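Subject: Structure for your review

Hello,

Here is the structure I said I would pass on. Please look it over first; my notes follow below.

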Amino acid sequence: MATNEATSNVKRIQVRRFKPEEFPEKHYLNEEKGIWAWMTTVDHKKIGLMYLASITFFFFIAGVLAILLRTELLTPARSFMDADVYNQVFTLHGAIMIFFFLIPSVPAVLGNFVLPMQLGAKDVAFPRLNLASFYIYVIGALFTFFAIFTGGVDTGWTFYTPYSATTGGNVMAMTFGVFILGFSSILTGLNFIVTIHKMRSPGITWNRLPLNLWGLYATSIIQILATPVLAITLLLLTMERLLSIGIFDPALGGDPVLYQHFFWFYSHPAVYIMIVPGFGIISEVISTFSRKVIFGYWAIALSSLAIAFIGFLVWGHHMFTAGQSSLANMVFSFLTFLVGIPTGIKIFNWLATMYKGSIDMKAPMLYAMVFLFLFTIGGFTGIMLGALSVDIHLHDTYYVVAHFHYVMMGGMVMAFFAGLHYWWPKMFGKMYSEFWARIACAILFIGFNMTFLPQFVMGAQGMPRRYFNYIDQFQSFHVFSTIGAYVMSVAFLIMAAYLLHSLLKGKRAPSNPWGSRALEWQSSSPPPLHNFHHVPVIINGPYDYHKPMSEFQLGIAASHNGHHHHGEEAVTVDKSEKEQA
Amino acid sequence: MAQPSVTEERLEHLQHHFIDSDQQFEASKMGMWIFLVTEILFFGGLFLAYIVYRAWYPELYLLASEELHTFWGAVNTVVLIGSSLTVAMAIRSAQLNQIKGLIINLWITIGLATVFMVIKYFEYTEKFAKGILPGAHYSYEGIAHEKANIFFSIYYMMTGLHGIHVLVGIGLMLWLVYKAKKKVFHSGYYTPVEITGLYWHLVDIIWIFLFPLLYLID
């Protein structure tokens, strides 16, 4: 509350240019040494990398499970696993991909790494909380492994009651693991919101905030508003199994549809946790590789918030066939269509950004293109599923499976790869092989469509999801789909190989290999421990490619070299825009 | 709230990534407010379950709430409101640099919170003895309604979760006392006291909703 607005809006500060040091000897990766320094670090960049290692591990596990599923589906009858095992494998594939990979992927990995840098801050607002949320994530993961090795879970990732309250296996450990994981997500969102509000460098006003941060901001709002509801839902489910409290169990007088309402009140917004930060990355990448100011800055920024808002009002479209009143169905269907508007606004603004731009098809941009293509298909098929009569036919078929894989994998995972390739040189100070990156991207694109396009057809013809057996007429589709999955795994192997090669033997990356105007590129690669040796000052928008680079490298002239020494930095300036020259 | 002025040059609390004490204080406070929002949504799920079942079985709630002791519920309400006052006084003491007053007020708050938990303990054990247990374990015959177990499931979930929050609050305030005795807090830095106070007010407010919704239906 204490501000000096009245006095200091016109305060002047001295700035000078700080060119980033090329190929620094000392940086955040080698400034502190030893495993203990890593485990106890509060540096947002290192925490981001620890998340990266964890989600890579989980992506690998869940990916292997997916390959097993697809292999089982090669033949109409049993191929090599039993129906029970199949149920457990698809449950784990879904639960791990969603809770352990997709939700933390962009916010916790790339967001953690980039967010403070884009603000010109030394760290997030609560660095220790940030580390705590990583360990909470690890504890949640341990619970999940405990569940897998003590009976497994066969409920599907949605844990619907009453089945989940009565089936064997260790559902309790799994839901408790996800419950714990939720706190990690909440704390990350909380940290980001406070950081964006309170830790901006001089000159970063709301209309100079990079769109990546608008995306993360909208995501964080969803995380803090939706995740607590999942927490209470899973707590009630845990209590259902532990004490038979009966709120969701019809045998004890409870209502199972109430569970579905609770669950989707979180999990539908969670779908947007899994896509909105991807939008942020795409905005950065498209602008950078088109060398052009973003088209419709505010339209893109506000449409993220609009998606976050509308996302809270559409959960009922998961229950069109669960006995909701027809009025509720109509309202939810209508609101579902509304989501298409802000999403369409984004797509058109990105296309308009590229129009007459100087497009450079580097690997991140290639992934962004793949994103635009696949995500649009995913979005349109979502609108079809939101139509009431069509959904009655398509509900719980492979059409739904194909739809959400186009959104989640074709959308978010591709956006994640776009971001990973975009910020890789900043994160590790190494370049990767552009050639192999493009090859992998192309193979991934082909494999992805081979896998999931046939599933639209199958679904429309009536192939139900989550079935271990199927009638013979679907076999050719399933075989094609499985081959597609194998093609994708080849792409992932190539990616793993060239990224590993880049880490070990890659060429040193310059501080700004893409010529971006964004603030995080105005520090060296890899950045120093506290991100900048000066306090950055921003006088232009983050996408003003028509202005010279020197205007993007300003910092407060009088400041001493950034780190350590507490008191000394309590200098003259604080927030608000002073420098409008 | 008063502005933490840095008159006496005590800055050992200032973390390296903040520019000044103001920024650190504002950030912490905003973080706590956001956390409180998540708490409201967390409890919101239970309030929703309460509303849904009450809309379906209004007569059940009338019958079942008679099993709850309005008197002790009212005492607990007064106790918690009193503790909110003392925690506010603790913050005031910290702002005025009166560390002794801060410690005394924290101890009173801890005492009141403990009284609340003791009363809650007697309420619970009395019900357990009658066979009023959540869900499937329910065996009490005194309420003529087949879904009485659901009401008490909701009752135990809501008050139980609230009770856990009270216990967490007690823990936090014991930690504050420990810190205050080590002379960590002063008028330029009392952020933990302030945000624990915010948390405690929320715990209080949730009870102020629970009390009429559960005890005062009739």
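**Chain A**

Of the 581 residues in chain A, 55% are buried. Please keep in mind that this is a predicted model.

Chain A holds 17 helices and two strands. Its C-alpha atoms occupy a box of roughly 70 × 50 × 50 Å along the principal axes. A compact globule of 581 residues would have a radius of gyration near 25 Å, and chain A has 24 Å, so the two agree. Among the contacts in chain A with a separation of 6 or more, 84% join residues 24 or more positions apart.

**Two helices in chain A**

Helix α5 of chain A, residues 127–149, and α7(A) have axes that come within 8 Å and cross at roughly 165 degrees. Because angles over 145 degrees count as roughly antiparallel, α5(A) is roughly antiparallel to α7(A). The crossing of α5(A) past α7(A) is left-handed.

On the α5(A) side, the residues making this contact include Leu129(A), Ile136(A), Phe143(A) and Phe146(A). On the α7(A) side, they include Met174(A), Phe176(A), Leu181(A) and Leu187(A). Sorted by class, the contact of α5(A) with α7(A) has 16 nonpolar and eight polar residues, and no charged ones.

**Chain B**

Chain B has six helices and zero strands. Read from the N terminus, its elements run α-α-α-α-α-α. Along the principal axes, the C-alpha atoms of chain B fill a box of roughly 70 × 30 × 25 Å. Buried residues account for 40% of the 218 residues in chain B. Of the contacts in chain B with a separation of 6 or more, 77% are between residues 24 or more positions apart.

**Where the chains meet**

Regards

Technical notes: Residues are numbered from 1 along each chain as its sequence is written. Chains are lettered from A and ligands numbered from 1 in the order in which they are written. This is a predicted model: local features need pLDDT of at least 70, side-chain atom pairs count only at pLDDT 80 or more; totals for chains, interfaces and linings use all residues. Helices (H or I, at least four residues) and strands (E, at least two) are DSSP runs, numbered from the N terminus. A residue is buried if 20 or more other C-beta atoms lie within 10 Å of its own, exposed if 12 or fewer, and partly exposed in between; C-beta atoms are placed from the backbone. Two residues are in contact if their C-beta atoms, placed from the backbone, lie within 7 Å. The radius of gyration is taken over C-alpha atoms; the globule rule is 2.2 Å times the number of residues to the power 0.38. Axes are lines fitted to C-alpha atoms, for helices over the stretch in contact, and angles run from 0 to 180 degrees between N-to-C directions. Angles under 35 degrees count as roughly parallel, over 145 as roughly antiparallel, 65 to 115 as roughly perpendicular and the rest as oblique. A crossing is left-handed if the near helix is turned anticlockwise from the far one by less than a right angle, and right-handed if clockwise. Ala, Val, Leu, Ile, Met, Phe, Trp, Tyr, Cys and Pro count as nonpolar, Asp, Glu, Lys and Arg as charged, and the others, Gly among them, as polar.
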